Amino acid sequence: MTLLMDRIYLLAAEMFNYSYDKYADSVEFGKERFTKMMPKDARVTEEAELNRWSDDKLAEELDCSKDEAIALRDSYRSAVEIIDQDNLASLFRKGVTASIQYAIQQGLKNEDEINQLAEQICYRAADLSYLLTTEGKELRDISENLRS
């Protein structure tokens, strides 16, 4: 049985670079890091964005350095851009795009790095599979949106 994760868990999975299946398994097993700590960081960062907190205030609330707070804020923004899409095809596309952009920013230089990017795209496909399963859909149900 696949655990249906709510938005905050999906945000946390994106923010901390976990596949949805792996994150859901960790939640299902009650691992505190996944059930409390990471979702709390996602909620606090979301509150910071909504209330326009400074980086210093966010760092204080998260009990971390300012640099870590800035990185979490950036990660949160990217996660929201992916998770808050209108449909699964758009969510998948945004996720793949984010993975490609990150690889390019890191300087995609050789075959190993290309293989790492391909692996990340496969993780995105696995994430799509997780979401399709939780929504009781199949790939053919979103096929038209994937092609548009």
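Residues are numbered from 1 along each chain as its sequence is written, and side-chain values use heavy atoms, without hydrogens or water. In this predicted model, local features need pLDDT of at least 70 and side-chain atom pairs count only at pLDDT 80 or more, while totals for chains, interfaces and linings use all residues.

The core comes first. A nonpolar core is a set of buried Ala, Val, Leu, Ile, Met, Phe, Trp, Tyr and Cys residues joined through side-chain atoms within 4.5 Å. Buried means under 20% relative accessible area, exposed means over 50%, and partly exposed lies in between (1.4 Å probe, protein chains only). The largest nonpolar core holds 37 residues. Met5, Tyr20 and Tyr23 have the most contacts inside it. At least two core residues come from each of α1 (7-15), α2 (20-28), α3 (32-50), α4 (55-62), α5 (66-83), α6 (88-105) and α7 (111-134). Helices here are DSSP runs of H or I with at least four residues, and they are numbered from the N terminus.

Contact means heavy atoms within 4.5 Å. Ser26 lies in helix α2. Ser26 is buried, at a relative accessible area of 3%. Residues up to four places away not counted, Ser26 touches Lys31 and Phe34.

Salt bridges were examined next. Side chains of opposite charge can pair when their charged atoms come close. The rule asks for a side-chain nitrogen of Lys or Arg within 4 Å of a carboxyl oxygen of Asp or Glu. The count comes to 13 salt bridges. One of them joins Asp84 and Arg7, with the closest N and O atoms 2.8 Å apart. Asp84 lies in the loop between α5 and α6 and Arg7 in helix α1, so this pair ties together parts that are 77 residues apart in sequence. Asp84 is partly exposed, at 37% relative accessibility. Arg7 is also partly exposed, with a relative accessible area of 32%.

A salt bridge also links Glu49 and Arg73, and their closest N and O atoms are 2.6 Å apart. Glu49 sits in helix α3 and Arg73 in helix α5, so the pair ties together parts 24 residues apart in sequence. Glu49 is partly exposed, with a relative accessible area of 23%. Arg73 counts as buried, at 6% relative accessibility. Glu81 pairs with Lys94, the closest N and O atoms being 3.3 Å apart. Glu81 is in helix α5 and Lys94 in helix α6, 13 residues apart. Glu81 is partly exposed at 45%, and Lys94 is partly exposed at 32%. Through shared partners, salt bridges join Glu49, Asp55, Arg73 and Arg77 into one network.

The search used a 1 Å grid over the protein atoms alone. A cavity is a set of points where a 1.4 Å probe fits but cannot get out, and a pocket is an open set with protein on both sides within 12 Å along at least five of seven lines. Lining residues have an atom within 4 Å of a point. Grid points are joined across faces, edges and corners, and a volume is the space filled by probe spheres set on the points.

The largest pocket has a volume of about 900 Å³. Its lining has 31 residues, and Asn17, Ala98, Ser99, Tyr102 and Arg124 lie nearest its centre. Two or more lining residues come from each of α1, α5, α6 and α7. The largest share, 8 residues, comes from α6.

The second largest pocket has a volume of about 240 Å³. It is lined by 17 residues, of which Gln85, Asn87, Leu88, Leu91 and Glu135 are the closest to its centre. At least two lining residues each come from α6, α7 and α8 (139-147).

The model has 1 cavity of 30 Å³ or more. The largest cavity holds about 40 Å³ of space. Its lining consists of Glu14, Tyr20, Ile82, Leu91, Phe92, Gly95, Arg124, Asp127 and Leu128.
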